[in-house]
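Please read the following briefing alongside the sequence and the coordinates shown here.

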Amino acid sequence: MIKKIMKILLRGAAFAVSLLLLGGLGYYLLLQHYSNTFPYGTWINGVYCTGLSVEDVNLLLCRQEYDAVIMIVDENGTEYALDCHDFVTDIDYTEAIEEIRVQTAPEQAFSKEEKEYEIKPKITVDEEGLTAYLAGVSPFAELEENYESKVSLEYTDTGYVLTLSGKETLDFELACERILEAVETAQTLFDLVETGCYSSESYNFSDRLLLNTYQQIEEYTENHRIVISADEGDYSLTELEPQDFLAKDEAGLPLLNETGSVYCDAEKVEDYFAEIASETSTRNDSWLFTTHDGEEVEVRKGTYGRVMTNAAACAEQLTELLDGPACDETVALEYTYYPESAIENDYGRAISGTYIEVDISGQHCYMYEDGELIWESDCVTGDAAKGRDTPTGVYYIEYKQKNRTLRGEDYETFVYYWMHFYNGCGFHDAYWRSSFGGEIYLTNGSHGCVNLPSASAKELYSLVSSGMTVIVY
């Protein structure tokens, strides 16, 4: 009897153990199943996901209609609906679904509690397509039409002045970048102001061109340090002066060459050196001269002074420097002095204290040495009635010679003392005349020379030297 009872107990125990093993195996197999699928009561975006894999859920969610509309709000609060279907190339929930699956314990398979999840997909966007789409819809399509320039570039007496208005406008490139982020993260509302899409540094093509041009001007000025040197000192180009040589349009804005760079106007450079030559060359200038009796007269033209001789070469050199790379150079002005000794008289810009003065109206000559009168004489100048007036101006003794025969169209005259100062005119003795001074020159003057009594001519000859200044008025 006992044995029978033991057998029954053993069979019961074995059956219980078998049930436990089968239950454990079933529980294990159920856990294994839900380790790769979603447990009971899992809802994602309204889709029942119990027992489904990540791939299955993604397929179901992607079959749902994607609400591909994002609302854009501008600075005025105006709303614009953008349809994203034109530039969204792919929608995928896998990553977000996987995060839910990893966080969901398989033990929840035995729970009667349901859980609902809302997720957003990973969206792939054609960036070029998005940019093209935005460029054709409001408020972006009207940007160029409604754009008000924020940059002005003006040429003034002190050089180019750049002015920025500081007004904030919609930055299209920045807006494209941030709308791309919004679309990729499935946002439905995008505020252009709150996302910082308005900027004072947003410019259209024309304004960017002005900014680039101004930067080139600054570099052009900074990189070209050029000194114009002359005998009496330096003409230094100030920081702004290189800008003066830029090629400009009618509005004063720099022109750009085929490479988009500012460049030098060769004609302006030529004019610049022509002006320097005119201002600094004193030969043929008018001179203010104080006569023997203290009267100030203007003596026009002559041969005395200096002449700039390399204006064209300087213009060519400066043009090459300004159109070339950064430099620190000197352009040297060259002058020829008439006579060479004129350089000693403030570089040909003044008349020395040693000179011969010819007063035509007074028919008298004077010679000063270091400001002191050392010789004077009556004279007879060119015949006014016959149009042979002695030429007025500031000259210099080019040479002197004894026993010279003077020849012209209707004369041939020997003189003992000859002192030439301009174009066949000079001082010489007129031994054939018995009187000098007065009004003789009006009807019986010379062919243009200054006639002197023989003794006076001899004395003057002994005092003068080549290069001595002659002033005729």
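The structure holds 6 salt bridges, a salt bridge being a side-chain nitrogen of Lys or Arg within 4 Å of a carboxyl oxygen of Asp or Glu. This is a predicted model, in which local features need pLDDT of at least 70 and side-chain atom pairs count only at pLDDT 80 or more, while totals for chains, interfaces and linings use all residues. Residues are numbered from 1 along each chain as its sequence is written, and side-chain values use heavy atoms, with hydrogens and water left out.

**Salt bridges**

- Arg-300 forms a salt bridge with Glu-298, with 3.5 Å between the closest N and O atoms; Arg-300 counts as exposed at 51% relative accessibility, whereas Glu-298 is partly exposed at 48% (buried means under 20% relative accessible area, exposed over 50%, and partly exposed in between, with a 1.4 Å probe and protein chains only).
- Arg-349 forms a salt bridge with Asp-346, the closest N and O atoms being 3.1 Å apart, and here Arg-349 is partly exposed at 36% relative accessibility, as is Asp-346 at 40%.
- In the salt bridge between Arg-407 and Glu-412, the closest N and O atoms are 3.6 Å apart, and both Arg-407 and Glu-412 are exposed.

**Sheet and packed helix**

- An open sheet is formed by 5 strands in the order β22-β21-β20-β28-β23, with mixed pairing; helices (H or I, at least four residues) and strands (E, at least two) are DSSP runs numbered from the N terminus, and two strands pair if DSSP finds at least two bridges between them.
- The edge strands, each pairing on one side only, are β22 (372-378) and β23 (393-396), and the twist averages 20° from one strand to the next, where axes are lines fitted to C-alpha atoms, for helices over the stretch in contact, and angles run from 0 to 180 degrees between N-to-C directions.
- Strands β20 (residues 355-359) and β28 (residues 469-472) run parallel and are joined by 4 bridges, and the bridge partner of Tyr-355 in β28 is Thr-469.
- Helix α11 (residues 454-463) packs on this sheet, touching β20, β21 (364-369) and β22, and its direction makes about 150° with that of β22; contact means heavy atoms within 4.5 Å.

- The largest nonpolar core has 44 residues, of which Phe-273 and Leu-333 touch the most other members; a nonpolar core is a set of buried Ala, Val, Leu, Ile, Met, Phe, Trp, Tyr and Cys residues joined through side-chain atoms within 4.5 Å.
- A second, separate core of 27 residues includes Met-367, Cys-379, Tyr-395 and Leu-452, and Cys-379 is buried with a relative accessible area of 0%.
- A search of the whole structure finds 0 disulfides, defined as pairs of cysteine sulfur atoms within 2.5 Å; the sulfur of Cys-379 is 3.6 Å from the closest cysteine sulfur, in Cys-365, which is too far for a bond.

**Backbone**

- A cis peptide bond with omega of about 5° joins Ser-138 and Pro-139, the latter lying in the loop between α4 (127-135) and α5 (143-146).
- Another cis peptide bond, with omega of about -10°, joins Tyr-338 and Pro-339, and Pro-339 is found in the loop between β19 (335-338) and β20.
- Lys-301, in the loop between β16 (296-299) and β17 (305-308), has a positive phi of about 60° although it is not a glycine.
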